[in-house]
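I opened the file to take notes before setting up any calculation. The entries below follow the order in which I looked things up.

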Amino acid sequence: MLRFPRTTAALALLLTVAACNANDAATSAVAEAIPDVTIPEISLKTMQDVVGALASDEFEGRAPGTAGEEKTVALLVERFKAAGLEPGNNGSWTQDVPLVEITAENVSPLTFTGGKAPMSLAYGSEFVAGSYRVQPKIEVKDSDVVFVGYGIHAPEKGWNDYAGLDVKGKTVVILVNDPDWQVAEAQGEFNGRAMTYYGRWTYKYEEAARQGAAAALIVHDTEPAAYGWNVVQSSWTGTQYLAASENNGADQTAANGWIQLDKAKALFAGAGQDFDALREAAKKKGFKGVPLTGVKASLSFDNKIARKMSKNVIGVLPGAKRPDEYVLYTAHWDHLGKCEPVNGDGICNGAIDNATGTAALVALAEAHKKAGAPDRTLVFLAVTAEESGLLGSKFYAENPVFPLAQTVGGVNMDALSGSGPAKDIIVIGRGKSQLDAYLEKAVAQEGRVVVNEPTPEKGFYYRSDHFSLAKLGVPMIYFDGGEDLVDGGTDAGKAWAEAYTEDRYHAPSDDMSAITSWDGMMADLRLYYAVGRMLAMTEAWPNWNDGDEFRAARDKSRTAAK
């Protein structure tokens with residue numbers, strides 16, 4: 001979406017209308033080239049069998065580099081073969097993805113001294129931390145503490161929360177999400193309620209490292225984070241996975257972590273600062289970071305390190321007419337593995353997240369094979385280590401088996417809805433690309449409606465594997481079943497989504513019992529099939545809309561390919 005911070009409201013409206021009209025015209029031209037497709041039967045039994053296997057305790061939560069991975073990869077290869085696919089990586093079913101398995105042990109309390117009273121935060125319940133440095137011992141000792149607002153350096157917006165600060169060797173405290181996340185509309189400096197990549201925790205750690213910080217601590221706040229502390233605790237304790245690098249992460253911060261909101265407020269008060277006032281000030285351009293004068297942070301832990309070779313699984317259905325043009329289906333097979341026990345259950349089975357999307361790869365492969373070879377090659381890509389920061393899809397995007405310039409686009413499937421059939425379909429990042437036209441045609445044929453995502457502040461577009469390919473220019477679409485349920489309407493849909501987020505997301509209870517109905521998921525699979533088949537049967541090359549953040553990368557790659 002275009003942003004006009006320095007124009008009058010009237011001029012901004014005119015420019016927005018002009019841009020929308022230009023994109024509408026381009027999308028209309030694309031729509032005319034979209035072929036009609038017939039949607040075959042998609043196997044419910046396949047979905048239930050594959051989800052049931054992947055989400056069983058036998059698969060141990062499917063953590064990369066474990067026996068659970070070995071079983072997962074073996075199952076996917078077996079099912080891809082049975083579906084009639086061919087090996088996707090030059091005769092191999094897999095692509096090696098080098099990872100580092102790193103587990104923080106003997107974690108000390110996080111202490112702050114020099115304020116009105118010393119503070120000691122307990123690991124797990126009050127703070128979590130880990131390291132992107134592959135070294136056996138991590139120690140942050142008597143590090144100066146600096147509040148850097150939202151931790152954003154965006155030159156194109158004239159925004160720099162680090163301006164005038166030297167944070168080398170210091171501990172930075174950062175707010176989660178974007179400065180304007182409370183703006184109800186998707187407009188403003190950082191797109192208002194709709195989170196940008198600057199709001200993601202991954203970006204904030206990346207920028208802190210670029211600034212030379214020793215440690216980066218994000219203040220957890222449930223609404224702008226989009227999940228409770230239970231999710232932070234389950235995701236950030238135990239074994240973590242990093243992408244292998246030549247310098248072993250030497251350019252990263254020594255420690256990255258989160259602290260509870262009430263502890264952050266107490267920390268600031270001890271330094272004579274008003275947290276709420278500073279948080280409000282940080283929303284405005286020109287905010288200057290504030291050192292917590294005299295306060296020193298200390299933390300230490302050991303790293304248990306192991307190098308693992310994880311795997312992406314790739315199957316293809318070769319195209320009959322243009323086999324060197326590729327359409328992707330992506331889903332991540334991994335989950336958290338063994339995690340913090342809840343009521344004696346210490347396996348995060350990941351049934352909805354994302355055994356459902358992984359099983360969908362198999363079910364859709366079967367359906368496409370039975371329908372006959374498409375014009376373009378269909379690629380079914382099950383990636384590893386999404387839960388660790390999209391590592392498997394990032395590795396594929398940077399080391400593609402099939403050239404990105406020859407990849408038409410793709411569909412990502414992550415955490416399919418288990419709530420029952422819905423009248424609507426939610427598009428994450430609607431309006432970004434011409435792929436919207438393909439989905440809208442499929443949705444109309446199914447008698448449903450397309451709606452915008454109800455919670456753009458959660459930044460879902462930057463939280464799943466399509467993002468790895470999108471940021472390198474490949475048009476990717478990501479959608480899910482809606483909230484306006486056939487049985488119970490939006491109240492029932494919202495209640496189910498909220499209950500899943502609060503009680504099951506990244507928790508041991510995301511097991512088969514989380515799927516209360518398969519009917520909605522199967523209805524959504526018809527749309528996933530249709531969009532992929534349409535892309536595989538057209539000669540068109542859909543693009544990102546004018547003004548989109550990924551348009552330049554796509555134009556550059558396609559120009560070079562011609």
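**Contacts and overall build**

I count a contact when heavy atoms lie within 4.5 Å. With that cut-off, among contacts in the protein chain between residues at least 6 apart in sequence, I find that 82% join residues at least 24 apart.

I note that this is a predicted model, in which local features need pLDDT of at least 70 and side-chain atom pairs count only at pLDDT 80 or more, while totals for chains, interfaces and linings use all residues. Residues are numbered from 1 along each chain as its sequence is written, and side-chain values use heavy atoms, with hydrogens and water left out.

I looked up the secondary structure next. Helices (H or I, at least four residues) and strands (E, at least two) are DSSP runs, numbered from the N terminus. The protein chain has 15 helices and 21 strands.

For the dimensions, I took the radius of gyration over C-alpha atoms and compared it with the globule rule, 2.2 Å times the number of residues to the power 0.38. The rule puts a compact globule of 562 residues near 24 Å, and the protein chain has 23 Å, so the two agree. Along the principal axes, the C-alpha atoms fill a box of roughly 70 × 60 × 50 Å.

**Surface and charge**

Accessible areas come from the Shrake-Rupley method with a 1.4 Å probe; for residues, only the protein chains shown count as cover. The protein chain exposes about 21,600 Å², of which carbon and sulfur atoms supply 51%.

I call a residue buried under 20% relative accessible area, exposed over 50%, and partly exposed in between (1.4 Å probe, protein chains only). Of the 562 residues in the protein chain, 57% are buried.

For charge, Lys and Arg count as positive and Asp and Glu as negative, with His and the chain ends not counted. Each charge is placed at NZ of Lys, CZ of Arg, CG of Asp or CD of Glu. The mean positions of the 54 positive and 73 negative charges are 4 Å apart.

**Disulfide**

How many disulfides does the structure hold? I searched for pairs of cysteine sulfur atoms within 2.5 Å and found one disulfide. Cys-339 and Cys-348 form it, with their sulfur atoms 2.1 Å apart. The torsion about their S-S bond is about 95°, so the disulfide is right-handed. Both Cys-339 and Cys-348 are buried.

**Backbone exceptions**

Most residues other than glycine have a negative phi, and most peptide bonds are trans. I listed some exceptions.

- Asp-353 and Asn-354 are joined by a cis peptide bond, with omega about 0°. Asn-354 sits in helix α9 (residues 351–371).
- Asn-106 is not a glycine, yet its phi is positive at about 50°. I place Asn-106 in the loop between β2 (94–105) and β3 (110–113). Its relative accessibility is 60%, so Asn-106 counts as exposed.
- Ala-415, also not a glycine, has a positive phi of about 60°. Ala-415 belongs to the loop between β18 (407–412) and β19 (424–428).

I also checked helix α11 (residues 435–445), whose buried residues include Leu-435, Tyr-438, Leu-439 and Val-443. Just after α11, Gly-447 has a positive phi of about 75°.

Gly-392 lies in helix α10 (residues 391–398). It is buried, with a relative accessible area of 0%. Asp-96 is 296 residues away from Gly-392 in sequence, but their C-alpha atoms are 9.2 Å apart. Not counting residues up to four places away in sequence, Gly-392 touches Val-97, Asn-312, Val-383, Thr-384 and Ala-385.

Ile-152 is in the loop between β6 (137–147) and β7 (153–154). Is Ile-152 buried or exposed? At 0% relative accessibility, Ile-152 counts as buried. Leaving out residues up to four places away in sequence, the residues that Ile-152 touches include Trp-159, Tyr-162, Phe-190, Tyr-198 and Tyr-203.

Trp-518 is in the loop between α13 (489–503) and α14 (519–537). Its relative accessible area is 14%, so Trp-518 is buried. Trp-518 and Ser-419 are 99 residues apart in sequence and 7.8 Å apart in space, C-alpha to C-alpha. Leaving aside neighbours within four places in sequence, I find Trp-518 in contact with Leu-44, Met-47, Gln-48, Val-51 and Met-512.
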